[in-house]
There are 4 protein chains.
Amino acid sequence: MKKKAPNKLKILNDPIYGFIQIPNSLIFDIIEHPYFQRLRRISQMGLSNLVYPGANHTRFHHALGCIHLMQKAIRVLRFKQVEISKDEENGLLIAILLHDIGHGAFSHALEHSIVDNISHEEISLKFMKKLNKEFDNKLSLAIEIFEGKYHRKFLCQLISSQLDIDRLDYLRRDSFYTGVTEGNISSDRLIAMMNVKNDELVIEQKGIYSVEKFLIARRLMYWQVYLHKTGLVAENMLVNVLKRAKELANKGEELFATKPLKYFLYNQINEENFSDETLKMFSKLDDYDILSAIKEWIHHPDKVLSLLSEMIINRKLFRIEIQKEEISKEKQEKKKTKFLEKINISEKEVNYFVFTQKISNQAYSLEKPIFILNKKGKLIDISKASDQLNLQALTKPVIKHIFCYPK
Amino acid sequence: MKKKAPNKLKILNDPIYGFIQIPNSLIFDIIEHPYFQRLRRISQMGLSNLVYPGANHTRFHHALGCIHLMQKAIRVLRFKQVEISKDEENGLLIAILLHDIGHGAFSHALEHSIVDNISHEEISLKFMKKLNKEFDNKLSLAIEIFEGKYHRKFLCQLISSQLDIDRLDYLRRDSFYTGVTEGNISSDRLIAMMNVKNDELVIEQKGIYSVEKFLIARRLMYWQVYLHKTGLVAENMLVNVLKRAKELANKGEELFATKPLKYFLYNQINEENFSDETLKMFSKLDDYDILSAIKEWIHHPDKVLSLLSEMIINRKLFRIEIQKEEISKEKQEKKKTKFLEKINISEKEVNYFVFTQKISNQAYSLEKPIFILNKKGKLIDISKASDQLNLQALTKPVIKHIFCYPK
Amino acid sequence: MKKKAPNKLKILNDPIYGFIQIPNSLIFDIIEHPYFQRLRRISQMGLSNLVYPGANHTRFHHALGCIHLMQKAIRVLRFKQVEISKDEENGLLIAILLHDIGHGAFSHALEHSIVDNISHEEISLKFMKKLNKEFDNKLSLAIEIFEGKYHRKFLCQLISSQLDIDRLDYLRRDSFYTGVTEGNISSDRLIAMMNVKNDELVIEQKGIYSVEKFLIARRLMYWQVYLHKTGLVAENMLVNVLKRAKELANKGEELFATKPLKYFLYNQINEENFSDETLKMFSKLDDYDILSAIKEWIHHPDKVLSLLSEMIINRKLFRIEIQKEEISKEKQEKKKTKFLEKINISEKEVNYFVFTQKISNQAYSLEKPIFILNKKGKLIDISKASDQLNLQALTKPVIKHIFCYPK
Amino acid sequence: MKKKAPNKLKILNDPIYGFIQIPNSLIFDIIEHPYFQRLRRISQMGLSNLVYPGANHTRFHHALGCIHLMQKAIRVLRFKQVEISKDEENGLLIAILLHDIGHGAFSHALEHSIVDNISHEEISLKFMKKLNKEFDNKLSLAIEIFEGKYHRKFLCQLISSQLDIDRLDYLRRDSFYTGVTEGNISSDRLIAMMNVKNDELVIEQKGIYSVEKFLIARRLMYWQVYLHKTGLVAENMLVNVLKRAKELANKGEELFATKPLKYFLYNQINEENFSDETLKMFSKLDDYDILSAIKEWIHHPDKVLSLLSEMIINRKLFRIEIQKEEISKEKQEKKKTKFLEKINISEKEVNYFVFTQKISNQAYSLEKPIFILNKKGKLIDISKASDQLNLQALTKPVIKHIFCYPK
């Protein structure tokens with residue numbers, strides 16, 4: 001990153017947008033903070049690089065991309081006479097910069113294993129509050145917007161809604177780095193079509209096909225990328241290896257791990273006991289702690305732990321089946337029995353290797369609709385504005401069941 | 001990656017080339033091997049992502065990109081009636097796939113600290129020979145080509161020369177991921193202009209501007225990216241922290257490290273004692289071992305180790321000056337004295353913090369020239385074929401001196 | 001274009017695909033033929049450049065793009081053990097190269113004015129037969145495939161079906177040049193997923209989202225680009241000016257025009273009297289004849305002709321309304337009356353200025369379905385294979401009515 | 001183009017920049033003017049599409065691209081505390097929008113045949129003065145800047161210098177549409193590095209490699225594209241056919257031509273007699289007049305005219321040789337004699353078919369240097385600032401001689 005220098009354009013190269021400009025020195029200082037620098041070591045897409053080898057981009061880069069798009073959005077809205085004060089601008093920029101700062105290592109894997117039941121949004125908020133103290137309360141407005149409590153609703157919607165800046169960056173970025181060009185969206189065009197009506201963030205009528213396209217692209221990204229079979233297997237195996245490690249830790253067994261990882265393995269962290277110390281430890285935990293530990297666990301005496309670890313590292317992944325119906329008990333039992341014949345583990349432990357999971361995706365939710373501003377100045381839910389494409393079909397969650405087992 | 005399946009097109013997404021096809025099942029199996037999978041965890045550009053946040057691509061992806069370009073090159077040459085047998089094709093593909101398999105964690109940093117004096121090419125060769133045994137000597141021809149011993153010289157030049165497939169991929173890939181579009185080269189055009197004359201790999205006359213452009217782009221990438229000031233500082237700090245760790249290990253001090261890292265810290269590996277065991281350990285060492293250790297070393301009692309570690313992780317990098325002349329002793333001493341006033345370390349230890357380095361780059365070497373095939377069928381060294389641009393100036397190595405010290 | 005030279009790679013630059021290779025000298029010679037060179041002077045998208053200033057690409061370039069994709073498709077299918085003989089390959093390449101050679105100046109505008117009731121496909125066929133004579137019957141197989149009469153059905157489907165090579169190129173190309181990135185399709189991926197089953201061209205199961213995306217993108221391109229309001233107005237005005245010219249010609253009035261344009265203005269060409277002479281004249285008619293005439297007609301004494309001409313050239317286009325219902329007679333009459341008050345023309349002539357048109361688009365037709373090859377080897381219509389997206393909704397033609405009148 | 005609408009974002013799609021915003025309604029109105037709309041019908045690169053089939057972009061689009069980059073440049077400079085008033089901004093935008101409005105049909109071909117000795121810059125100025133009257137003198141400041149007379153020198157340099165906005169757009173645009181990716185420049189980065197020092201437009205030190213790259217890319221574009229052999233032949237043939245037509249017109253022979261083309265063929269226009277009427281006629285002359293006439297001239301009784309016309313239209317171009325030395329008289333005579341044996345024309349007329357031309361290009365001129373702002377705040381000529389690459393070699397004009405004759 002370029003040096004901090006007043007009157008100089010601080011810019012960063014971005015393969016997608018060309019250049020990203022750091023808008024001011026407060027934001028520059030936040031980026032320099034170790035809490036934010038940690039995001040350099042957290043992959044945006046977890047283990048998806050096992051499927052898409054180009055997908056090694058980080059949460060750090062995504063957050064910077066969001067800053068870039070937010071600057072564009074503010075420029076567009078002001079051009080259309082939507083008033084946004086200097087303070088609000090800064091609040092928006094900081095809120096979007098930090099919206100994902102609470103993501104754990106390998107993102108969602110961690111949430112479902114070692115820091116169960118605390119969402120990354122809650123942890124983001126804890127980080128923001130901590131930073132607010134360090135930065136003399138200059139983040140207060142950003143926090144208000146992030147929490148959705150600010151009185152101007154559309155500002156909150158730019159941070160979190162079905163067409164927020166977060167999605168505009170991550171869909172484009174993930175599509176770009178995976179090489180799944182079909183998921184590409186025109187964030188520029190969508191932003192150019194943004195407007196505000198009745199304090200709602202809306203899309204102008206002529207952007208209607210772009211919104212349709214955005215929803216379809218998002219849906220495609222879910223089924224082709226985020227819920228890609230091989231990616232799902234890998235993530236589940238990662239969750240399982242961490243669960244097993246935690247189980248062993250609970251029993252008092254020794255495990256190779258960095259200090260912050262040990263903290264989360266040997267303590268039961270939940271919302272109540274999430275202390276300042278916990279946050280500090282969390283701020284030191286990233287993909288490198290997890291993966292280096294798993295590499296060592298290959299040599300651990302516990303068979304479950306070592307086998308799962310070895311499979312993840314050398315990409316010997318389970319077989320996976322995916323279907324609309326639930327997986328029958330018989331089918332599961334058969335695979336379990338078969339695997340137990342091969343390997344000397346307990347019946348309970350076999351669940352680390354043979355398991356099912358319900359996955360679902362809802363392409364569009366009616367709850368907080370995307371509004372189209374029609375030519376008469378009325379707001380219409382996109383699912384009703386679209387003339388032909390049955391967008392309402394997209395509101396029905398698609399549910400699938402996966403079944404994983406060793407080859 | 002897609003499942004292995006006969007009669008099916010095994011393809012991988014690539015943001016640059018669209019799709020990369022795995023040409024046959026032998027190559028598929030080599031890619032699946034843990035030795036090759038390790039490259040997934042080795043960043044192509046070391047710590048350059050501290051400067052260019054998009055530069056998180058891996059050696060794994062680069063090797064696959066090379067496979068893609070090599071397939072193109074073979075197709076072009078055959079179209080021009082250059083005979084390449086099925087075996088030679090396979091040899092070329094495997095040689096280019098594995099040419100970088102010996103790269104250590106964070107690439108060059110490791111070579112200059114913990115496995116001193118053994119080049120990655122030598123280690124690549126060791127890996128290839130090991131794999132050759134496992135794969136029933138099917139890699140023999142690839143090894144011959146890789147070593148430059150095969151009797152058809154142009155095949156060796158496709159693997160290693162001033163215009164080899166390696167460079168065609170990495171310059172394009174690094175330019176792409178850093179977002180430094182000016183370093184972009186037209187690998188497609190250069191390949192389309194390839195031909196063979198007198199067993200030499202040559203470029204046809206009309207490709208002359210493309211070669212010029214390639215050399216200039218490469219030079220630009222060196223000074224703007226590979227030798228970028230901030231990147232140089234970071235790499236030097238990484239080398240220093242590893243050297244310090246090794247120094248402490250030699251004294252018998254305890255250090256947090258994974259097993260393979262410990263192996264290289266606590267043993268003195270050189271060319272003579274590089275055993276099978278060493279290769280095995282090397283095959284388990286990647287960026288994750290290094291970075292997770294450095295993160296832990298922040299809390300190590302040794303001040304030098306902990307301070308350097310903390311600076312790398314939180315990106316509090318040294319100041320760097322760059323100049324054509326050597327850095328004067330006085331200037332160095334002054335900075336050392338100043339730093340010693342601030343911190344309680346020995347005079348010898350201060351060299352970890354205040355140091356100089358000579359860097360150099362030669363844009364074009366006359367030794368193994370790039371030949372242009374002119375219209376009369378003669379081969380001319382590109383540095384003489386170019387009508388105006390003083391390419392011979394590019395043959396002179398540019399030498400610079402850097403001076404690093406804490407802020 | 002590069003010179004014809006045996007043993008040399010004849011390649012052309014293409015902003016989209018990088019390079020397009022001319023596969024052999026027969027095809028090279030066809031491209032050199034004046035009939036084909038004419039396509040250089042026919043815009044692919046008619047007057048759409050009045051809306052999208054980048055859209056100046058030609059039918060010539062599209063045809064070359066098709067050659068490129070067809071080569072890819074053949075390579076993919078052969079890799080999957082689908083046998084395609086050398087002759088069939090050549091037939092495919094020539095058929096796709098020439099599929100649009102019968103397009104008139106400004107494409108569809110001409111079909112609806114001066115050469116009424118003869119489709120461009122029929123004229124393409126006439127050209128192909130003429131060329132077949134000149135090239136010693138080497139185009140016979142290509143013609144058989146183009147006519148859909150070849151016994152291997154899937155070869156015909158590569159030329160003409162709901163997922164043919166034509167569409168794969170033009171959607172991508174039009175999206176590229178207009179800058180409507182949302183219409184972009186992954187032609188590479190779709191081709192990579194192609195296969196043949198029971199002599200049907202099919203898409204493998206894992207390409208299902210790509211086909212969905214393709215259909216949605218095509219639909220988007222229709223409503224956002226091909227049927228863009230301003231583009232529709234311009235095209236209708238172009239048709240009207242040509243109709244008026246023809247009307248005047250019928251009355252024996254003198255009109256500035258090149259010889260081929262005069263031929264079509266002063267003669268009534270229909271399917272029966274379409275002679276060799278007609279074809280020859282047609283082969284000389286392109287966008288330049290039309291537009292240069294319209295420019296001159298600005299100064300013609302006929303008010304209707306001159307006014308329409310001036311409006312097209314200086315882009316003073318009619319106002320346009322678009323709606324689902326038919327335009328009421330009253331509304332039409334009102335506008336006509338209003339315009340008649342301003343200008344001294346007859347009541348019949350006012351129809352050149354105030355008019356309606358019914359437009360429709362069907363995103364997907366059930367008649368010749370796109371088949372998905374599922375994992376059990378069964379063929380399923382994409383509209384049934386898609387799990388959620390109501391693709392059947394896409395089979396319903398969307399009908400809209402436009403209403404144009406002077407501002 | 002989008003309708004004019006206050007408070008609405010008027011944007012145009014651009015395949016290169018994504019979207020181009022029309023900054024205000026005055027500029028919108030200028031764009032709508034027939035003088036400017038004419039640029040839609042003037043190809044940016046003349047007959048280069050005979051070599052690069054993608055190169056059909058127009059002067060219209062280039063001018064809009066310039067507007068886009070100028071907006072960026074103004075934003076960057078203001079960010080660096082360079083004061084630019086609202087009026088100056090508008091002047092800059094209009095000046096760059098109209099800098100090429102005086103280009104004739106097929107650009108340079110016309111300048112060297114039918115409107116000899118008047119540069120397009122002079123005609124641009126005439127147009128700007130005419131428009132200034134129509135728009136109530138709102139273009140006065142733009143004209144001052146365009147003429148280089150405005151007291152703030154750097155504003156003039158943004159319009160015309162060795163690193164002006166014109167070049168930043170056309171190099172990128174021509175590289176993009178030809179598909180010659182090697183000519184691509186990073187206009188974004190160059191603009192981001194712009195600054196003003198001592199009223200000079202300068203590039204900051206760290207942009208030094210980008211400037212080098214820009215010069216090399218420009219040089220490559222000259223030799224590979226603008227002075228491409230086939231393109232040169234085509235342009236010369238176009239000049240010759242127009243010269244012949246003018247010669248015949250002088251003799252009173254009748255020629256098919258539109259009214260404006262006739263005006264320039266049958267009158268001798270020079271700087272002195274270039275009247276308002278001339279400007280009006282010029283404003284109606286575009287590529288369509290020229291090409292449609294040439295198509296008709298194929299059937300003209302004059303053998304020279306008809307033969308040249310036929311060769312251009314059907315792309316049967318002369319052979320061309322290119323060399324550093326002048327073409328010897330003997331060589332020329334030999335070809336002339338040979339051609340005269342084949343065809344019944346006079347010895348004077350043979351010069352239309354067998355001819356030479358001296359071409360030259362200077363990659364960098366020392367006269368109005370590109371200044372680098374070094375870290376001490378000094379301005380240094382780029383040719384001295386570059387550490388190694390012998391940029392001074394680029395200051396030497398390269399001269400070549402071409403020799404054209406029929407195959």
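Let me start with residues 59-168 of chain A, a span whose end C-alpha atoms lie 14 Å apart and which is 65% helix and 0% strand, where helices (H or I, at least four residues) and strands (E, at least two) are DSSP runs, numbered from the N terminus. UniProt, in an unreviewed entry, places the feature "domain: HD" at these residues of chain A; UniProt positions are given in the numbering used here, feature names are shortened, and annotations may be inferred rather than shown by experiment.

Please keep in mind that this is a predicted model, in which local features need pLDDT of at least 70, side-chain atom pairs count only at pLDDT 80 or more, and totals for chains, interfaces and linings use all residues. Residues are numbered from 1 along each chain as its sequence is written, and chains are lettered from A and ligands numbered from 1 in the order in which they are written.

Now to chains A and B. Contact here requires that the C-beta atoms of two residues, placed from the backbone, lie within 7 Å.

How many residues does each chain bring to this contact? Chain A gives 37 residues and chain B gives 37 residues. On the side of chain A that touches chain B, β1 (11-14), α2 (34-37), α3 (59-79), α9 (165-178) and α15 (287-297) each supply at least two residues, and α15(A) gives the most, with six residues.

Turning to chains B and D, the axes of helix α11 (residues 208-226) of chain B and helix α11 (residues 208-226) of chain D come within 11 Å and cross at roughly 170 degrees; the axes are lines fitted to C-alpha atoms, for helices over the stretch in contact, and angles run from 0 to 180 degrees between N-to-C directions. The two helices, α11(B) and α11(D), are therefore roughly antiparallel to each other, a label for angles over 145 degrees. Among the residues that meet there are B:Tyr209, B:Ile216 and B:Trp223 in α11(B), and D:Tyr209, D:Ile216 and D:Trp223 in α11(D).

Notes: Parallel < 35°, antiparallel > 145°, perpendicular 65-115°, else oblique.
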